[in-house]
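Look at the chain below before reading on.

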Amino acid sequence: MSHTTQRQKMKFSLFRSTLTVSAVLAGMLGTTACKDYLDIDPVAYSNTEVAFLDVAGATSTVIGAYDMLSGDTGYGTRVNLYYPYDSDEMQAIPGQAFNAGNLGIARYAALPVNNEITNPFNNLYQGIERANICIKYIPQMDAYKNGSAADTAALHRLYGEVLTLRAQYLFEAIRNWGDVPAPFVPTIDAPDVKLPNADRNATYDRLIADLLQAEKLVPWRTAAGTTNERITKGAVKALRARLALYRGGYSLYGLEMKRQPDYLEYYKIARQECLELMAKRGEHTLNPSFENLWRSVNQLQFDPAREIIFEVAEGASSAVSDSKLGYYNGPRQNASTTFGSSTGSIGALPTYFYAFDSTDLRRDVTVTLYTVESNNQQKAVTLTAATDGKFRRHWRTPALPGTGNYLGYNWPLIRFADVLLMFAEADNELNGPTAAALAAVQEVRNRGYGSASAAGARLTLPGNKADMFNLIANERFLELGGEGIRKYDLIRWNLLSTKLAEAKANLTALKNGTGNYARIPLTQYYRVLTNGTVQFARSFYRPAPATAPAGTTAIGWRSAMTDALIANLASEYKPNAGKELFPYPQGTIDTDPNVKQNAGY
């Protein structure tokens with residue numbers, strides 16, 4: 001069976017199974033994406049008896065717990081394409097003012113009544129409730145302890161999966177809202193559904209312990225049978241490392257960024273989990289080609305190197321189960337093309353393009369400098385109109401013409417490259433600059449340039465921890481662009497304010513052609529090749545002539561920069577104003593007097 005067929009089969013199975021247990025889940029959950037997270041009907045025990053009667057029923061119900069990852073209010077659009085921006089790499093719809101929806105979030109002016117805050121928040125709590133129901137009832141099944149070896153193994157795996165799903169849902173809530181209510185039992189078992197804010201560190205500790213248990217219950221990817229998007233041991237270990245780094249990082253308390261005094265204990269956890277993953281290269285490793293990794297995503301295939309360790313299954317062209325990846329983001333495309341339309345709503349900062357070395361192959365995968373016109377030919381855009389590029393509709397296989405905005409692209413939550421860089425970060429924090437940490441960074445860098453020789457001289461080991469951190473942070477900046485990670489990295493490092501200010505200063509220097517940007521051309525020239533692709537005729541790094549070379553078209557480059565565009569980046573962000581976290585939805589505040597609104601709202 002081809003990789004493409006396997007992915008499509010898993011997605012269809014996920015959607016179909018949700019429908020087959022819809023009556024059960026309706027009774028169990030009694031909630032929709034537009035309701036408050038507390039508005040959940042009690043569990044009907046007769047329904048749970050049906051759902052957890054056998055392995056097949058339990059599997060279907062666990063798939064229902066997976067379901068809340070996908071769709072518009074999950075990692076189909078809002079959580080992964082609205083929430084991570086603006087940052088110093090990408091910006092939502094550059095040039096447009098903040099509004100009451102997605103750009104209120106992007107410009108750090110979110111309001112409690114914003115539906116783009118309310119609906120994803122409620123969606124996460126539906127996922128938590130579904131996971132809690134499974135966590136309660138699966139261990140009570142007779143087959144969990146007394147069934148056949150196959151049934152017992154299947155149910156233990158399911159139990160490990162839902163422990164991990166609950167951790168992912170709560171993690172996403174914590175990093176966006178802070179001290180969120182943390183239900184660990186189904187609503188029917190809660191003495192009071194009006195839960196207060198829970199200490200995020202205690203919640204993290206519980207989740208990190210849960211994941212230690214979960215990783216013992218689920219198989220490695222190669223032992224998990226048919227390739228699909230189900231959680232396996234590598235995903236649990238990678239997520240546990242990520243949660244440990246967040247627990248050990250800075251977080252907003254009131255209007256102040258703080259780090260807990262015991263933070264090094266969590267860097268030890270992250271380091272160990274990454275080490276264990278790095279020792280299992282037969283399970284997960286880097287794809288030799290950065291471009292081929294992202295081509296496989298756009299071709300609806302699983303990466304043969306299994307670099308993507310944990311991904312969200314998206315499909316069925318539905319707002320509740322699919323993603324707008326490649327439609328909402330990526331290069332703009334005309335609806336009349338063979339490939340279909342896209343809106344190009346995530347811009348790449350001009351300074352992010354210039355953060356890459358000219359020979360770094362990741363630059364032209366991560367950032368796109370063209371649109372696709374109605375004749376299927378590319379057309380170059382100004383430097384200020386660059387977009388993110390890892391999800392491109394014209395790379396999709398098979399092509400999907402028209403204006404449909406659900407393309408079936410999975411969302412990668414964690415890649416092996418991230419594991420290498422998490423290891424380097426944790427190792428440096430614990431031990432200072434080490435050869436092992438440098439080797440992990442070098443491996444990512446070598447792949448980025450295509451080979452060790454192409455990467456040029458090997459990185460030299462910095463002389464102190466701060467310089468090594470800067471090297472690691474920069475490599476994360478280049479490697480993980482457009483994957484919804486940078487803003488949260490900056491927050492946990494307490495660098496969001498610093499880096500946003502630095503980005504604006506660099507954008508101003510680029511506009512003025514000063515400092516590191518003194519030789520950047522005012523104008524760029526391009527031609528369209530016979531295959532319809534854009535070829536830039538002049539260097540991006542040297543001044544250009546005033547007269548267009550023969551056979552080329554001129555476009556604004558540095559000259560396209562304006563003060564208004566620079567000011568538009570994170571326009572409403574102010575240091576020490578509490579904007580590193582979102583406000584709780586107004587409906588939650590109104591219905592739960594125990595939840596206190598975040599400071600600054």
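In this predicted model, the 61 positive and 57 negative charges of the protein chain have mean positions 6 Å apart. Lys and Arg count as positive, Asp and Glu as negative, while His and the chain ends are not counted; each charge is placed at NZ of Lys, CZ of Arg, CG of Asp or CD of Glu.

The C-alpha trace spans about 80 × 50 × 50 Å along its principal axes.

The protein chain has 22 helices and 13 strands, which are DSSP runs (helices H or I, at least four residues; strands E, at least two) numbered from the N terminus. Of the contacts (heavy atoms within 4.5 Å) with a separation of 6 or more, 71% join residues 24 or more positions apart.

Of the 601 residues, 60% are buried, meaning under 20% relative accessible area with a 1.4 Å probe, protein chains only.

Helix H4 covers residues 55–67. Its 13 residues reach 18 Å from first C-alpha to last, close to the 18 Å expected at 1.5 Å times one less than the number of residues. Eleven of the 13 residues in H4 are buried, among them Val55, Gly57, Ile63 and Tyr66.

Residues are numbered from 1 along each chain as its sequence is written. Local features need pLDDT of at least 70, side-chain atom pairs count only at pLDDT 80 or more, totals for chains, interfaces and linings use all residues, and side-chain values use heavy atoms, leaving out hydrogens and water.

How values were computed: Buried means under 20% relative accessible area, exposed over 50%, partly exposed in between (1.4 Å probe, protein chains only).
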